Amino acid sequence: MLRLPVLRHAAPTSLDEAIARLSEDGAMLAAGGTDLVPNLKRRQYPEAKTIVSLRRVTGLDGVSVDDDGTLRIGAMTTVARLADDGAVPEVLREAAGAVASPQLRNRGTVGGNLCVDTRCHWLNVPETWREAAEPCLKAGGEMCWVAPAKKVCWAVSSSDLAPAMVALDASVRLAGPDGERTTPVAELYRDDGMDHLAKAPNEILVEVIVPPLGERRAGYRKLRRRGSIDFPILGVAAVLEIDGDVCTDARLVLGAVASAPVRVTAAEDLLTGRALDANVIQEAAELAGKAVRPMSNTDLTSRYRKKMVPVFVRRLLRDLVDA
Amino acid sequence: MRIDPHHGVVGRAAPRTDALAQASGGLVYVDDLSYPSMLHGKILRSPQAHARIVSIDTSAAAALPGVHAVLTGADLPIAYGLLPVAQDEHALAIDKVRQVGDAVAAVAADDPDIAQRAVELIDVVYEPLPVVATMNDAVEIVDEPIHGDGPRNNRHREVSLDFGDVDAGFDRADHIREDVFFYQGNNHAALEPHGAVALVEDDGRLHLWSATQVPHYLHRIVAKVLEIPEHRIRVTANPTGGGFGAKTDVFAHELVAAKLALATGRPVKLILTREEVFYAHRGRHPVLMWIRTGFTGAGEITAMWFRTYVDGGAYGSYGPASLLYTGQLQTTTYRIPAYRFQGVRFFTNKPACGPKRGHGTPQPRFGLEVHLDKAAEDLGLDPVTIRERNLVHPFSTTVNHLRITSCGLADCIERVVEASEFRAKHRNLPPNRGIGLAVGAYMSGAGLPIYFNDMPQSEVLLKVDRGGLVTVYSMAADCGQGSTTMLATVVGEALGLDAADLAVVTADTDLTPIDLGSYSSRVTFMAGNAALEAAMKLADLILTAVADELELDTDDVRLGRGVVLAGDREIPWPDAVRMAEARWGLLTAAGSYKPPKGIRGDYKGAGVGPSPAYSYSACVAEVDCDPETGFVAVEQVWLAHDIGRAINPLLVRGQIEGSVHMALGETLMEEQAFRGALHDGPSLLDYKIPTALEMPPVEAILVESIDPEGPFGAKEVGQGPLLPVMPAVANAVHDALGIRVDEIPLRPDKILAALRDRERDGQGRYGPTDLPAYEFRPPLPVDPPPELR
């Protein structure tokens, strides 16, 4: 098997200590490690020197509900726990249950999934393979092999939870050397495959705060080749507020079509204030399809994945309306 | 002589004799081996697909503390190859590299991390050469042939044969149909990667353990390349964590581990990474096919012309045989009165292809069975009828001189059609649901050995100790198919003993007599027959001794279950054994098996295809397709297999279910695809194998045709049941959606492309249309066998 590079392993027991260790040169955060370890084995992080594990920091896991219905999810809560917890809205349980495989969900965490590195089939390959191809932009080379024209990395946001959390208007609490801050999940991401998280490397995502869903309807659908294991090649999350026949508010977010979750405001605007009949849903689905441009950097063809966007959006919206 | 089982050992659905060890982690795989002061080997592989090696500087690697040896091509200069006609490989590249992943240099070091650092310190300067990534490239890029002394168009092998009067056959046809198909290559993806451990024993002899299906061939090639006499080498094949043909060739890492052990005097372990397994490959050849068949109005085949274009990758490997297999077995299921087969295998700068379960036959089987389905539609026949009208007859000879003996294909079709309610469902299922039928046949062992010789292909030795334990010695390598259990069951049945009470020593060149290896589905038929012969001789020794001792007529002495029945007495087996040892001395018996003569023709190429018996399968698959996403869900598979006789029905069903899983992977998603000459994703995340969630229920139906020559009538099951699954699913997709994807795998994007084609007033087809610009030489006429003239 591929072997890990020689690394130091730090297992701090407090958040402050973890932030301090994470501030050191070459430190990387492990919050489950299900994606980090294979990436390290493929030598995707040549700068890595120390792995800072959050496993021994207490108080970072668990799911609780405030009096007003606000859901608080500790960053180290396993994805399996999220998928199973009755207090968690269905849409998040669907998204969590769609992550990887049962074994990986037992190990992977909510914080880890939200921060999971972007992926690309020119990057997430063994180092020997990348050398044979000549390293791409993100691997330290001069060019992105997906779209060589621009010096931009198109690696794909591959979190199942991210689009669902964005659609739910969730926020994350981040702890850093200068204290804590809370930011909408939507603002955690940047559409840049090289640097997709809008947070300092020594800031730690400690909690996800999800406002109550109330009477709104929400769902998540995932496209992947197999019913398990595979990363999303398309994720669709939607939240609809429906009053009588009329949609009074809508959130529609796509995952795995860019380096960050993509909120399709054009479709949201179209849906809002309308009765959601088949024509309106179809129109919204087509707007979603036009909003994104998947690249040839993951499983199946970019053309196929683009074609699937309206199909998956339409199916999800129809399911939510029929629910 | 046909021998029927009567002790209830054969035919019992018993767990494998090593089931507990397998399930509890007790089986010793090659990576489980560890020896004091063992070193770890690592191979430096080429990042270039095609390049001249200008220089190799190993000085920094050799100087790294903890490194004990560094090898380059100069240390292992002798060319080898599994087939005598394909001696085109070197353990470590000499002068040039021909694929990404070619072995270039190797080290042995104190631990795997030092070994890894050491290979990174080796400096190789390459001069890139034009890369041949496709078969079209092979024809067009002629400046630098991949094999320097090879033909400029990178043609590796060609075959062009005419059996009977093909032109006359087409002349009398009422309907002629032509189709083009492509079958993408794929990897075996055995969970256990390849690996080897080597050391020099106290007596100075080299001992090599390997995850191999072919210890005998490995033994010969190690002797050749290392220039050590065979008697100074011992090869042990560990149980493998899956073979499927992946481990039937000899690989660089085996030769390198052996050489490093000799160079350092210390044990050396070398286990491949998954990426290296994809580069070692020897998997399914990508095959482009063109088929032309003439039919009478009633659907009877009058002539067939089959062309195959085979992408071989960088080396010969089993390729000359693989190429012939793309044409030779078409005649084993259908009566084809005149047959033209033309095939060509090209070298390309990609990992070498070779034998994977079904070896060269799943690709043409896919093409043939879909082609027949289309012809049935042309002629207004149903898929069952067109097949039944052309079925090969039991105990007949094919136009290409293959001897057919027992054949349960008609039964297989009937059983599977009935179980699936095919006739009621075909063309009548709700929208997007469909059902498809296909058949197949496979060899119970290749009629000829890999290297020409007149010796037996399999030999078994039995030895009995004074406690009554019978030990079976055979070189048969258990690659998961259950050959060890089969040997115990056959000998147990013959002697009236429980399979679990025998000891079986296998796959060790010091300890066991020859078996050529676990390939071509040969072990049950050949090692089984050798074991049966040995057991019958042993039974005779024991019965004679008991009869003499008790002064009985030999007719009054026979074997019972764990006893010898002598007149009205029951002699416990151990007592009978002691009487026999007193009478004869050490109790041993040997058996050998060699396929009968006269089962093949005498034309060039006739050596590939003959077998002492063929297994037959029929498959029905039912699918539910999503016309918006192109996803195909296989809802159920019915598979009837003519096993001859089921020595162990549980293992037979296991092989059928495993075959269906592997076949569905090939049908729907598995592909060894490339970006240029770079593997598209050498990991088990990117190389998609169906999970348990994609696996439908399988109804396995066992048809027992009782072969006259098989051990207790048995034939093969390891490969045959795979063959009809791919075309059955493709035919079911056609029934569901009315489209044809003439290409494997049936990826969702191809399904949508075919649907798009139909919307645009097309035929609703996705698939290849063009063939490489390659001119076959005129076919060599071969007279049909006398009874068909």
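The expected span of a helix is 1.5 Å times one less than its number of residues. Helices (H or I, at least four residues) and strands (E, at least two) are DSSP runs, numbered from the N terminus. The structure is a predicted model, in which local features need pLDDT of at least 70 and side-chain atom pairs count only at pLDDT 80 or more, while totals for chains, interfaces and linings use all residues. Residues are numbered from 1 along each chain as its sequence is written, and chains are lettered from A and ligands numbered from 1 in the order in which they are written.

**Exercise 1. Examine the length and the burial of helix α15 of chain B.**

Step 1. Helix α15(B) covers residues 523-549, and its 27 residues should span 39 Å at 1.5 Å a residue. The C-alpha atoms at its ends lie 37 Å apart, which agrees with that expectation.

Step 2. A residue is buried if 20 or more other C-beta atoms lie within 10 Å of its own, exposed if 12 or fewer, and partly exposed in between, with C-beta atoms placed from the backbone. On this basis 19 of the 27 residues of α15(B) are buried, and the helix is mostly covered.

Step 3. Just after α15(B), E551(B) adopts a positive phi of about 55 degrees.

**Exercise 2. Describe how α6 and α7 of chain B cross.**

Step 1. Axes are lines fitted to C-alpha atoms, for helices over the stretch in contact, and angles run from 0 to 180 degrees between N-to-C directions. The axes of α6(B) (residues 215-226) and α7(B) (residues 252-264) come within 10 Å and cross at roughly 55 degrees.

Step 2. Angles under 35 degrees count as roughly parallel, over 145 as roughly antiparallel, 65 to 115 as roughly perpendicular and the rest as oblique. The helices α6(B) and α7(B) are therefore oblique to each other.

Step 3. Two residues are in contact if their C-beta atoms, placed from the backbone, lie within 7 Å.

**Exercise 3. Which helices of chain A each supply at least two residues of its side that touches chain B?**

Step 1. In chain A, 23 residues are in contact with 23 residues of chain B.

Step 2. The helices are α7 (127-133) and α11 (302-322) of chain A. The largest share of that side, 5 residues, comes from α7(A).

**Exercise 4. Is V660(B) buried or exposed?**

Step 1. V660(B) belongs to helix α17 (residues 649-668) of chain B. With 26 other C-beta atoms within 10 Å, V660(B) is buried.

Step 2. Leaving aside neighbours within four places in sequence, V660(B) is in contact with V637(B), L639(B), V698(B) and V725(B).
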